[in-house]
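Take a moment to look it over before reading on.

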Amino acid sequence: MPDFIFYAHFLRRWAWLLVVMPLLYGLVAFGLSQRLTPVYQAQAMLQVSPANPNSADISAIAASERLAATYAQIIVQPATLEATAARVGLQTDAGAWPFTVTAEPIRETQLIRLRVEGPSPTAATQVADAVAQTFIEANRSRQVARFSASKTNLEQQMAALETQIKQEEASGANADVLSRLRQSLSALTATYESVRLAEAQATDNVTLVQPARASAQALRPRPLFNALAAAVMGLAMALAAALLLEALDDRLNTTERVSAATALPVLASVGRSQSLNPGSLVITQAPHTAAAEAYRMLRANLRFASLDRPLHTFSVVSAEPGEGKTTTAANLAAALAQAGHRVILVDADLRRPRLHTLFGVSNNLGLTTALLPDGDPLATHLQTTTVPGLRLLTSGPQPPNPAELVGSERMTALLAEMNTLADWVVLDTPPVLAVADAALLAHASDATLLVVDAQSTRRRSAQRAVALLTAAGAHVVGAVLNRLPLPTGTYGQYYGPTPS
């Protein structure tokens, strides 16, 4: 369940980024793809035959496979492409050749796959066929040129022998001489025919076995695919950014973070209500809300915490000002009173008191006047509230020396007297990191409750507060995660103690 809550909070917090960024990336990619010129692809297939088509020699077949790899490189050379451009009537100036030509031998075959990409299926097909024919003709011309010199030389030798034979016959030469000359002529003639046969076989060793064909669908761009790929990339980037920001965010905005930072159990998580005043007494004004139920859960958990050790006096503290300790103290005291207990709520923040404003009572008398040695009895300083069973001891007139007052023996005696008049005494104290008063009051209390604001409390501040309270000898029983953002309509699913 803690992992589910963490992921739910993470997704709720960064949902806008996880939706907006993929959508933006997808729309931009789709728009750009629509503006690009379509590219179509045509494919043709060439076959390289062995020098002797009737030979089944493995070495001859292997030689033709190697020759196919060589031809695949020659096909894409500028000379072939320029000749092709001239063949189809295209200019080859910079930027005027809108085709991409690639050729690759198919492994363990004598085939070459020729691909041409162009602005239309028809144009790509035309150029692919033209490239194939241009290469075949150029290869035939190279082979013819290679055998031409040999044939010319043999023809010259054969002509010379024929002339010599005629001369010898006319002069009545020896029959043996004529026989040798005729044998030489016969050998040259056989050689000449072998060269002609080799020429015929070599010049036709490359054939077009599959004419070019193009798909009616553009090879690229693919707007929908590009938009989807861009959206996935946007989602990945959004998720990475959210995780990075989450890692850099040291606010204690989940129960897991509070427990990990402070080593304290989270006794309640109070949701932030958009419809109620942040400093209101929700336990009485909106008793059926999730926030009110969270304070009742806090009441129950504090009662469980006092099973092994009687707890009567609670100090409610926070690390920094404005984190909700006063509201928490007031609602906790009201929740305890609603359970049938006698409760005294004390405004021990003598520097910035707020409880008299929250309850709408006078602050002429209070804690400071009750601490006077010759003051009236404590009961005369307590004021009743609209919550049955809950009495309020306001701060009273502001003194010049708050820390000395709350750390005095008179304060200890006053707390002991309050314990005789009530079942529970709840102290609203100053922020721990601001002044020393909170640590002194926490030391004098049976237990201390740390209020953490999910929107503002930083890890280091909470840790320093716990360290100061521990050094002062305070018994810190747990934490309250305050102002936790909750979805509209959520009731009670985020509050409650953190599982141990």
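Start with helix H9 (residues 290-305) and helix H10 (residues 325-338), whose axes come within 9 Å and cross at roughly 70 degrees. Helices here are DSSP runs of H or I with at least four residues, strands are runs of E with at least two, and both are numbered from the N terminus. Axes are lines fitted to C-alpha atoms, for helices over the stretch in contact, with angles from 0 to 180 degrees between N-to-C directions. Because 65 to 115 degrees counts as roughly perpendicular, H9 and H10 are roughly perpendicular to each other.

Which residues of H9 meet H10? They are Tyr295, Leu298, Arg299 and Leu302, and their partners in H10 are Thr327, Thr328, Asn331, Leu332, Ala335, Leu336 and Gln338; contact means heavy atoms within 4.5 Å.

Now find serine 280, in the loop between strand S5 (266-272) and helix H8 (282-285). Serine 280 is buried, with a relative accessible area of 5% (buried means under 20%, using a 1.4 Å probe and protein chains only). Leaving aside neighbours within four places in sequence, serine 280 is in contact with Gln285, Thr327, Asn331 and Leu358. The C-alpha atoms of serine 280 and leucine 358 are separated by 7.1 Å, although the two residues lie 78 residues apart along the chain.

A word on the model itself: it is predicted, so local features need pLDDT of at least 70 and side-chain atom pairs count only at 80 or more, while totals for chains, interfaces and linings use all residues. Residues are numbered from 1 along each chain as its sequence is written, and side-chain values use heavy atoms, without hydrogens and water.

Methods: Buried < 20%, exposed > 50% of the residue type's maximum accessible area, 1.4 Å probe, protein only. Parallel < 35°, antiparallel > 145°, perpendicular 65-115°, else oblique.
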